[in-house]
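Subject: Structure handover and notes

Hello,

The model we discussed is below, with my notes after it. Please look it over when you have time.

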Amino acid sequence: MKENIIPHDYQISIEDRRKQNGHNSFLLWFTGLSGSGKSTIANVVEQKLHQNGIKTFTLDGDNIRKGINKDLTFAPKDRTENIRRIAEVANLMVDAGLVTLAAFVSPYKKDRENIRSIVKDINFVEIFVNTSIEECERRDVKGLYKKARAGEIKNMTGISAPYEAPENPDIEIKTENESVEAAAQRIVDYITPKLSKQQ
């Protein structure tokens, strides 16, 4: 059936949308353990961008899993499919001219490389929220680590499933040494030239 799929060529381009918005569009991908602070930092970054007139949208793990990916488990194969679908949605949002923020554990390097290839390297900013497993367990904001230790959750990243840390992220945040505000501002400072640069 795939041979019957013929993409329609619309007249409004990504460049047109970016021009109308007055800024470039790209994907900010926040990766790190559960409880590392990804969503918290992404939220503050989005607020700062919004205050500066930048059009944004945030994709968050729990929200996506309640909707578009509610049919997926946390087994490795489904985790990969979860990230692939999110990358495709993020790519549509970048095409729509939005600075898109995505906060997902995304534990596998191969999956993050796949995101990069889907949205294109130039549109991908990898942000590693590097918080130790000990600190994430101490915070345990959602009570997931406690459940994982009790054997109630299988495939818990950092406990019973691996997390493959980025080797060369664009930005690394160590939340045990840096405040949310300082981290968010550092991200905004990093991407500000990218907002106006022609891509």
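Conventions

This is a predicted model, in which local features need pLDDT of at least 70, side-chain atom pairs count only at pLDDT 80 or more, and totals for chains, interfaces and linings use all residues. Residues are numbered from 1 along each chain as its sequence is written, and side-chain values use heavy atoms, with hydrogens and water left out.

Strands

Helices (H or I, at least four residues) and strands (E, at least two) are DSSP runs numbered from the N terminus. Two strands are called paired if DSSP finds at least two bridges between them. Buried means under 20% relative accessible area, exposed means over 50%, and partly exposed is in between, with a 1.4 Å probe and protein chains only.

Strand E1 (27-31) runs parallel to E4 and is joined to E4 by five bridges. E1 also runs parallel to E3, with four bridges between them.

Phenylalanine 128 has glutamate 172 as its bridge partner in E5.

E3 and E4 are both mostly covered. In E4 (residues 124-129), six of six residues are buried. Phe124, Glu126 and Phe128 lie on one side and Val125, Ile127 and Val129 on the other, so that both faces are covered. In E3, five of five residues are buried; Val99, Leu101 and Ala103 point one way, and Thr100 and Ala102 the other way.

Largest pocket

Rolling a probe the size of a water molecule over the atoms shows where empty space is left. The search used a 1 Å grid over the protein atoms alone; a pocket is an open set of points where a 1.4 Å probe fits, with protein on both sides within 12 Å along at least five of seven lines, and lining residues have an atom within 4 Å of a point. Grid points are joined across faces, edges and corners, and the volume is the space filled by probe spheres set on the points.

The largest pocket holds about 660 Å³ of space. It is lined by 29 residues, of which Ser34, Asp62, Val105, Lys142 and Leu144 are the closest to its centre. Helix H2 (38-51), helix H3 (61-66) and helix H4 (76-95) each supply at least two lining residues. By class the lining has eleven nonpolar, eleven polar and seven charged residues. Here Ala, Val, Leu, Ile, Met, Phe, Trp, Tyr, Cys and Pro count as nonpolar, Asp, Glu, Lys and Arg as charged, and the others, Gly among them, as polar.

Serine 34 lies in the loop between E1 and H2 and counts as buried because its relative accessibility is 13%. Contact means heavy atoms within 4.5 Å. Leaving aside neighbours within four places in sequence, serine 34 is in contact with Val105, Cys136, Leu144, Tyr145 and Met156.

Single residues

Asparagine 82 is in helix H4 and, at 6% relative accessibility, counts as buried. Not counting residues up to four places away in sequence, asparagine 82 touches Ile64, Arg65, Asn69 and Leu72. Its C-alpha atom is 7.0 Å from that of leucine 72, ten residues apart along the chain.

Asparagine 24 sits in the loop between helix H1 (14-21) and strand E1. It also counts as buried, at 6% relative accessibility. A polar atom of its side chain lies 3.1 Å from the backbone oxygen of lysine 194.

Lysine 120, at about 80°, is in the loop between helix H5 (109-119) and E4; at 47% relative accessibility, lysine 120 counts as partly exposed. Aspartate 140, at about 35°, is in the loop between helix H6 (133-139) and helix H7 (144-149).

Regards

Definitions and conventions: A polar contact is a pair of N or O atoms within 3.5 Å; within protein, one must be able to donate a hydrogen and the other to accept it, and residues adjacent in sequence count only if both atoms are side-chain atoms.
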